[in-house]
Amino acid sequence: VAGYSQVSLGTLTSQISGILDDAGQVYWTAPEIQFAIWEALRYWGALTNYWRARGAFALSPGTPYYDLSVQLPALRTRSWTLGQMTQEIQYLLLEAPNGISGVGMSGQVSVSTILSAIQRARNRFALDSKIPLSIHRTQASTPPDGLVTL
Amino acid sequence: MLFTSESSGNWSVPGTWAQPGIPGPGDTIQINPGNVVTLTSSLSVGDAGPSAVVIELGGVLALTANITLTIYGAVIDLGDIDLALGATLNFASGPPPVPPVPIPAPIFVHRASWQDAFSGIWTNLWREDAWSVDRANPLWTVEPGMPREYSEAELSPLQLQLSPPPANAGSLEIITVDPLLIDITNPSATFNLPDEWIHAVKWAALAEILSSDSQINDPLRAKYAEHRYQQSVTFARDARSILRTLVNNIPLPLDSLASIDAGNPFWRNSSGPPSLAGVLYDFLIPVDVPDQAYGVTSDVVESAPIPLTPASFLPIGEEDLAHIVDYALHVLLFKCGGDEFTSTMSLYDGFMNAIAMRKGVNLAKIRYLTPLFGQVQKESQERPDRIEQEVGT
């Protein structure tokens, strides 16, 4: 979507470098600044519903549930990767931003610690926010006590 | 994935290897000079390639007694392989077996329904607790019938207690929240979470890391990260993604799924042209169940279109660009900690004030949406699984 503003990602990145008094992008590199801009856009969109769009799909006979992240994946994206998040965290902890390889990290924190924390955090968020949703259908015999293991 | 030894030690200890995790089926290994790696339980390894197992000069692979190491592919042995009594090396041909992917059990059940196999009838099951079911009918356990309620047994993995016990076999259909086992060896692994909430995971991870009992400990930033996580959870529970839906170009009234269940617990048995729809975050549930194919258009909250290249334009108006800059600056100063970071709190406050103003504009412009905000929250209140309580009360 072009044309909302006349400011490109590259220009805004440079502007932010200037505000940080780091025009050479020594202390805050361009990828690090871009991570911060992307998070700002996502958070802005999540809280304001700023971007809205219309998508089309088809209902199928006999199918009662439709997951729009599946039906309209370009609009309801789930694309952020483990590598990207690991890098983000490495930047914020002043560690070498080499992702899950952990190459060049100091002894302050290990990449294993970061990866384990991400794993737990993902499931903590799912439990606390009650998203994302899945649908399961299981055949059950007649459990005499009515207890069904999921 | 290639695992290279970093020090001497047990194969199954992550610190023995330079990469995260431990090598298993399908992985290749390299034991570096001076490292003695000891395998204490049977295992298969290798990718059927020309260097499945490499032992460098001065490196040692030691197998303890009575275990078998099955290797798919070639071994380059410049060091030593020590086999204790009864230990064997098995050189296998063909492709390595694909390890089964464990499927974790759900951690929360949003909704459950039951279909009796004999009659084919579906019914919604109401969330209850075992005590109230016992109170209502102490003999329910010996009086099978069509289940009406479910309760979550305090067991792991999660179990559902159906009451009354089903008289016939049937199908259980559940909408759940599932945990995810992330493949930590794959940088492209995704979180199966909407991109707009992915930052919450980052803040929760940072809160854990920065509050750990290690050199990285920083109570100030840990507290901030935890606050950001909690704030994001609150917002996510209040969020909506489906704004409007038309079937064959005719608008459908939208309501929460809990309300539809309350109005007609047997809606799942009716098929025909949909006349309304339940929504539960990214789920759309047309009622009646479609009897044929229908074209649908849905207006949704779109995940922020992210500019990926330096030449891409920011997809936001000039009037709001300053708020994006404020937020980015605030996050970028996080790594500095201390006063440098806290001095940027006003930038975050400004960002949140701008959001509040924008939400007010939305509410005024799209008044009919108001009842549909906070759907996850509403579902949770109508089918509560947790009562917020102060610790110690």
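Biologist: Why is D299(B) called buried?
Modeller: Buried means under 20% relative accessible area, exposed means over 50%, and partly exposed lies in between (1.4 Å probe, protein chains only). D299(B) has a relative accessible area of 16%, so D299(B) counts as buried. This is a predicted model, where local features need pLDDT of at least 70, side-chain atom pairs count only at pLDDT 80 or more, and totals for chains, interfaces and linings use all residues. Residues are numbered from 1 along each chain as its sequence is written, chains are lettered from A and ligands numbered from 1 in the order in which they are written, and side-chain values use heavy atoms, without hydrogens and water.

Biologist: What makes R54(A) and D299(B) a salt bridge?
Modeller: The rule asks for a side-chain nitrogen of Lys or Arg within 4 Å of a carboxyl oxygen of Asp or Glu. Here the closest N and O atoms are 2.6 Å apart, and the pair is a salt bridge. This pair crosses between chains, from strand β1 (residues 52-59) of chain A to strand β24 (residues 294-301) of chain B. R54(A) has a relative accessible area of 48%, so R54(A) is partly exposed.

Biologist: How do you know that K202(B) and E88(A) join two chains?
Modeller: Their side chains meet in a salt bridge at 3.5 Å, N to O. K202(B) lies in helix α2 (residues 198-210) of chain B, while E88(A) lies in helix α4 (residues 82-92) of chain A, so the pair joins two chains. Both residues are buried.

Biologist: Which partners does R124(A) have, in chain B and in chain A?
Modeller: In chain B the partner is E226(B), with the closest N and O atoms 2.6 Å apart. In chain A it is D128(A), at 3.8 Å. R124(A) and D128(A) are four residues apart in helix α5 of chain A, so about one helical turn separates them. R124(A) is partly exposed at 29%, whereas D128(A) is buried at 14%. Elsewhere, shared partners link R76(A), R78(A), E196(B) and D282(B) into one salt-bridge network.

Biologist: What shows how much area the two chains bury?
Modeller: Buried area is the accessible area (1.4 Å probe) that two parts lose on being put together, summed over both. Chain A and chain B bury about 12,500 Å², 64% of it on carbon and sulfur atoms. On the chain A side, Y43(A), R76(A) and L150(A) lose the most area, together 7% of what that side buries. With contact meaning heavy atoms within 4.5 Å, 111 residues of chain A touch 153 residues of chain B.

Biologist: What makes β1 of chain A and β18 of chain B edge strands?
Modeller: The open sheet of four strands runs β1(A)-β24(B)-β17(B)-β18(B), with antiparallel pairing. β1 of chain A and β18 (250-251) of chain B each pair on one side only. Strand β17 (residues 242-247) of chain B meets β18(B) over two bridges. V247(B) has I250(B) as its bridge partner there.

Conventions: Pairing = 2+ DSSP bridges.
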